[in-house]
Each structure stands twice: as structure tokens, then as C-alpha cells.
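Welcome, and thanks for taking a look at this model.

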Amino acid sequence: MKVRGAVRPPGDKSISHRALMLAALARGTSELAGLLTGEDVKSTARVLRQLGADISAIGDGTVTVRGSRLSSPASRLHCGNSGTTARLILGILAGQRFAATLTGDASLRRRPMRRVTEPLRTMGARIGDAQGDALPLTIRGGRLHALTYTTPVASAQVKSALLLAGLTGKVGVTIREPYRSRDHTERLLVHLGLDLRYENGAVSFRPSAVNVPAFQLSVPGDASSAAFLVAAAVLAEGGELLVENVGVNPTRTGFLVVLERMGAHVERVNLRDEGGEPVADLIARPAGAVLRGTEVTAAEVPTLVDEVPILAVLASRAAGETTFREVGELRVKESNRLELIAANLRAVGVDARALGNDLHVQGTNRPPRGRVDTARDHRLAMAFAVLGTIPGADIRLSERASVSISYPRFFADLRTIRETGKGRREA
Ligand code: S3P
């Protein structure tokens, strides 16, 4: 296929969650433009409404949020498929004096929660977890203590949950992590004028007695969603694709760094700032036969953690082997991505293995053919759909509906960049 035209990825999922949560905690009316309309963000909005926030419909236009003091929910808080919703809301609830029970879909109920509940308990929250390390669980917040904590995993969800607990409990929080994870919460807190600093390799937040101010924000396009479009262009036989309005926060752009090492250069133009986040337009071109394997290091993983499926797909078309070091966290994402990436690549004729916590992919130029089990994981569906665009490919996905979690218009956009070359813009 050839690519042409311009396309705009949907709003950043991580920033959309955080913007809604901080707006719900603010005093006054906030206006959020460019929010992701995917199911995960709708889960956050639904849960915040149950807690008393007044949030307009999540659609393509500006979303208004009237914040208020949160109140005890009438029923269980259903977080759907969204780990970010569950973990960050736990942080927010740690500083509230009422009880609430969180649950989620079958995938979310399998995901580990102790990484968040343990430090929140240390801060003073009471959390009953009848199911062990998993949802459903009941949290009763209250008076919290300050926390200095080193997270065993580099997880922005853990870090953000603790920062939000500090905010609602009005106690200081200092966090160190083994490798730096995405810093959207930190940037947003700084953007709102709150006292967050970096000291001796740790992030320190000292919430003031002053309330969070209401704010206006334009959410940049999601770098993780953009990665699928960029990959489609890199694998194309000709043309050029402009991917507009992409967040290029360095804690999220490991995908572009690794791509460069693999021999595919993506140009960044029109660099600007949006609410404390760097944003650019990306120009992606086919890599032709130059794509080569590489090693992705453990330190790089947090900067591309959601891009491993699409990078593994690109690696399957590169010369030689690509190794992803220390990607064990992928076992506890929306699916067991580590095993499913390897198994699905094998199912379409690629030599791929998960060995311990490493993933090995051997490139080939045989056309990929076979059936892919997405396990209803949006990023697996999108990654293998991109693999299906190369000449001679015959990939059958077990389902496609899961893309609505993070990129509802994915298949329409993929068609558009191939067929007419006229990019479709989000309203
Ligand atoms: C996210 C952080 C990442 C990422 C997830 C969204 C966030 O998870 O995989 O899709 O918004 O904080 P971890 O921080 O747990 O690795």
C-alpha cells in the first residue's frame, strides 16, 4: 500500500483521564478540548459522575466539568477495562472520608492492584481486598500521613495514584522510581501552579491548603495511537504521511527513538506547547528495505511500554533479530501481551519467543498469514491490523471492536490514509 495525506490521532488517553480527574477536584468550571472519546475515558467520566462531579457528555466538542467536593457513591464504581481509572481513582479516594467499592471488567479484575494499595495503606487508607491483589476492592479514605516511597515498578499509574492521594489528603508525597515513567500528572500539577519539584532524582509534591483552580486545556493527540499510523507509513511501499498534533513528551516517545535506530526517521515539525506538554506534527515515510533489528533496553521500556506490540510488528519486518529487554510488565496489561505478541507473531509465520522477561523477534520478508487472537486487547488488534496492510499479507483478527478503548476511529483512519489520501480530522 501507499500512504498519503494528513491524519489526526485522537486525544491522549493518559492526559484525558488526568484532566477529567483534576477538573472534578477543582473548584469551578473547567473546559477540556480534544479529550479522547474512547471507552476508557468514558469509564473515568462515569466514575467521577458517581462521585458527584458534573461532567458534560464525552464527545468531539469541548467537555465542561463542574468540580465539587466528592461524595459517597450510591453504587459500585465500575472502571470498565481501564487500569488508569482504577488505580488513579484509588489515589483520589484515599483522601476522602467515605467508603467506595471499585470493580471492572474481566481483564481489569485480573490486573494487580497491590502496587497501589500497599503504599496507600502506608499513607493511612483502609482497603479491604477480599480478592487478594485484585478488584473488586473497597477503600475507605481519611486522614493521611506524608509518604516517601520508592516504587518497585516504573509505573505512571502508581506514581500518579500517590500524587493524587497527596493532593486529596493534603499531605506531602516524595516518589522515586527505578526508571522514569510518563510524567503527565506532574506536568499538569505544575501547569495548575501547584508545588511539585524534582529533587535528588525524586519527584516531591507539597499540596497547599489552596484548592485546585478550574482550568482550560487542549489535550494533545495520543503518541501511542499515532505510533500505529506512523508504523503503517513506515511499512508502506510509497508516499508520505503527516500525523498532526501529536504529544511528543520525551517520557512517551521511545517509539520514535527505537524507530530511528531501526533505520526509519520520523521528522518532527511545528513544535509547540499545549498545557505544559510538547506537541508536534510528525512526517513519516516508508523505510523500504532499510529496517533493521535492534535491542530495546530496560530503561527505554517505560517510554514505549504501550508501543511494544507495534514495535514487535515492525521488528518482524526488519533484518535480523530485535530483543526487548525486561518487558515482564506486559504480562499484566489489558492482556498477557508478552505471550500474545509472541504467539500471534508465530501464528502468522514469524519466529518470536518470550524468554523470561525478554521478547525476541526474528525479522522475515515472507508475507504474514494466519489468524490473530487479540484477546480483546485494543493494542494487539491495532498492531496486527497494521501488519495486515503489507503486500501479500492475510491476517484475520479474532475481533476489531476493542479499538474503541483508545482509538474509536482507528479502522476508518487506516482506510483513509491508504485509499483517498485525504486525512480525516477530528472535530
Ligand atoms: C498509563 C500508564 C502505563 C500505560 C497505560 C497508561 C497511565 O501503565 O501502560 O496504558 O495513563 O498512567 P503503567 O504506568 O502501569 O506502566
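## Around the ligand

The shell around the ligand consists of Lys13, Ser14, Arg18, Thr84, Ser155, Ala156, Gln157, Arg182, Val305, Asp306 and Lys333; a residue counts as near a molecule if one of its heavy atoms lies within 4 Å of it. By class, this shell has 2 nonpolar, 4 polar and 5 charged residues. Here Ala, Val, Leu, Ile, Met, Phe, Trp, Tyr, Cys and Pro count as nonpolar, Asp, Glu, Lys and Arg as charged, and the others, Gly among them, as polar.

Before going on, please note that this is a predicted model, in which local features need pLDDT of at least 70 and side-chain atom pairs count only at pLDDT 80 or more, while totals for chains, interfaces and linings use all residues. Residues are numbered from 1 along each chain as its sequence is written, and side-chain values use heavy atoms, with hydrogens and water left out.

## Polar contacts and cover

From Ala156 comes a polar backbone atom, 2.7 Å from a ligand oxygen atom. Thr84 has a polar side-chain atom 3.5 Å from an oxygen atom of the ligand. A polar contact is a pair of N or O atoms within 3.5 Å.

On its own the ligand has 380 Å² of accessible area, and the protein covers 96% of that (Shrake-Rupley method, 1.4 Å probe).

## The pocket and its elements

The ligand sits in the largest pocket, meaning that more than half of its atoms lie within 2 Å of the pocket's grid points. A pocket, found on a 1 Å grid over the protein atoms alone, is an open set of points where a 1.4 Å probe fits, with protein on both sides within 12 Å along at least five of seven lines.

Helix 1 (13-25) and helix 5 (156-169) are the elements that give two or more residues to the shell. Helix 1 supplies the largest share, 3 residues. Helices (H or I, at least four residues) and strands (E, at least two) are DSSP runs, numbered from the N terminus.

Strands 4 and 5 (63-67) run antiparallel, with 2 bridges; Ile55 has Val65 as its bridge partner.

## Two backbone details

Most residues other than glycine have a negative phi, and most peptide bonds are trans. The bond from Leu135 to Pro136 is cis, with omega near 0 degrees; Pro136 is in the loop between strand 8 (126-128) and strand 9 (137-140). Ala375, though not a glycine, has a positive phi of about 50 degrees, and this residue is in the loop between strand 23 (369-372) and helix 11 (378-387).

Definitions and conventions:
A polar contact is a pair of N or O atoms within 3.5 Å; within protein, one must be able to donate a hydrogen and the other to accept it, and residues adjacent in sequence count only if both atoms are side-chain atoms. On a 1 Å grid over the protein atoms alone, a cavity is a set of points where a 1.4 Å probe fits but cannot get out, and a pocket is an open set with protein on both sides within 12 Å along at least five of seven lines; lining residues have an atom within 4 Å of a point. Two strands pair if DSSP finds at least two bridges between them.
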